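Let's take a walk through this one together. Have a look at the chain first, and then we'll go through a few spots in turn.

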Amino acid sequence: MSSINKVVLAYSGGLDTSVIVKWLQETYNCEVVTFTADIGQGEEVEPARAKAKALGVKEIYIDDLREEFVRDFVFPMFRANTIYEGEYLLGTSIARPLIAKRLIEIANETGADAISHGATGKGNDQVRFELGAYALKPGIQVIAPWREWDLTSRETLMAYCEQHNIPVDFSSKKKKSPYSMDANLLHISYEGGVLEDPWTEAEEDMWRWSVSPETAPDQPTYVDLTFEKGDIVAIDGESLSPASVLEKLNKLGGANGIGRLDIVENRYVGMKSRGCYETPGGTIIMKAHRAIESITLDREVAHLKDSLMPKYAELIYNGYWWSPERKMLQTAIDESQEPVNGEVRVKLYKGGVHVVGRRSADSLFDEKVATFEDDAGAYDQKDAEGFIKLNALRMRIAAGKGRTLI
């Protein structure tokens, strides 16, 4: 432990990480550098500076990473139409590689020997942070207090705060949310409390970003989305930055009851976990992106992308963003997006995202070929006979040899 002179801590300013600052100082007798990331969690991050100073921290980093988060992590992920286990849009997972990257950058800038985080030994985040850190700086040391200390409950953390005079907002008797929550520009998640029983319905007042579909407006909201190379660059004709796109779609989606999800997922560490998520903007992006791809992508390219997506989603969920296989898949995905340009019109109504229009100068939709009216010879229907017979040849041969499938 004495070999650790300086450690960079991913610091939120909350109870757990405030305790970790003091614990690191005492246990490792080292200097602590705090890093607080603004990735659109919707809470003021600047107060973390005063809290860190009160704990004796001299080097304090507070970074606005919202644009980088959406541009370099969220958008590339959505180019692949990424969903984990058929439902989860990976809102927490996709933020971790960015935080890991910045932790390592700060460690390099400050000459730190180690990094530290507040993820527990039961979850996925410890894996995501540490896999990213080791990939970017192989010799870095990682300190995970939840795997080392004996502070195993909120009560023991509070007692530690009182013993060490640590100023924490929750040290008063204010009511605390019963849920463990994580938020960024893409989503907000809820775990714990009544959600630990997968039969119990989530309480309505738990949800923070969206109205319930039942109370959403009775009139639909129409939105036009402009895509360039697979990314949304404008909403209703207004050019917006990546972070601004997601912020606006979150508001539009939340106001129409869009993006709520209640699932039981398989964690990488082996257990099943029940979680609830709100991803209004991401839900709209996913639907619209598939719509613009439907008219601009070649059939086999689209199908190949769909076959690769589950593996790509698994890599992100399990923490392998900074891996050669994810980079390889991303190169292929990004190449496929060159013609994914145009506009999609969606109708938002009581929890649903409905595509009602799509158009593109790069469209492969040929009205002359697809029409039910006279196609003026654009498609010779007689060609279909040979096509069908050739595709049936192997089955016809097998049936002729007496092989039966019934």
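Which residues does Gly352 touch, not counting residues up to four places away in sequence? They are Ile258 and Lys347, where a contact means heavy atoms within 4.5 Å. Before going on, a word on what you're seeing: this is a predicted model, where local features need pLDDT of at least 70, side-chain atom pairs count only at pLDDT 80 or more, and totals for chains, interfaces and linings use all residues. Residues are numbered from 1 along each chain as its sequence is written, and side-chain values use heavy atoms, with hydrogens and water left out.

Back to Gly352, which sits in strand β14 (residues 352-359). Helices (H or I, at least four residues) and strands (E, at least two) are DSSP runs, numbered from the N terminus. Gly352 and Gly259 are 93 residues apart in sequence, yet their C-alpha atoms are 8.5 Å apart in space.

Next come some annotated spots. UniProt, in an unreviewed entry, lists Thr120, Asn124 and Asp125 under "binding site". The same label, again in an unreviewed entry, covers a further set of residues, including Tyr11, Ser12 and Gly118. UniProt positions are given in the numbering used here, feature names are shortened, and annotations may be inferred rather than shown by experiment.

Thr120 lies in the loop between β4 (114-116) and α5 (125-136), and Asn124 has its place in the loop between β4 and α5 too. Leaving aside neighbours within four places in sequence, Thr120 is in contact with Gln126 and Trp146. With residues up to four places away not counted, Asn124 touches Glu265, Arg267, Tyr268, Val269 and Tyr317. Tyr11 is in the loop between β1 and α1, and its contacts, not counting residues up to four places away in sequence, include Thr17, Ser18, Phe35 and Leu55.

How enclosed are these residues? Buried means under 20% relative accessible area, exposed over 50%, and partly exposed in between (1.4 Å probe, protein chains only).

| Residue | Relative accessible area | Class |
|---|---|---|
| Thr120 | 37% | partly exposed |
| Asn124 | 7% | buried |
| Tyr11 | 3% | buried |
| Gly352 | 15% | buried |

Now for helix α1 (residues 15-28). Its 14 residues should span 20 Å at 1.5 Å a residue, and its end C-alpha atoms are 20 Å apart, which agrees; the expected span is 1.5 Å times one less than the number of residues. Since 11 of the 14 residues are buried, α1 is largely enclosed by the rest of the structure. Among those buried are Leu15, Val19, Trp23 and Tyr28. The cover over the buried residues of α1 includes β1 (6-10), β2 (31-38), β4, β5 (141-143) and α6 (154-164). After α1 comes Asn29, with a positive phi near 50 degrees.

On a 1 Å grid over the protein atoms alone, a cavity is a set of points where a 1.4 Å probe fits but cannot get out, and lining residues have an atom within 4 Å of a point. Grid points are joined across faces, edges and corners, and a volume is the space filled by probe spheres set on the points.The largest cavity has a volume of about 40 Å³, and α3 (66-79) gives the largest share of its lining, three residues.

Definitions and conventions. On a 1 Å grid over the protein atoms alone, a cavity is a set of points where a 1.4 Å probe fits but cannot get out, and a pocket is an open set with protein on both sides within 12 Å along at least five of seven lines; lining residues have an atom within 4 Å of a point.
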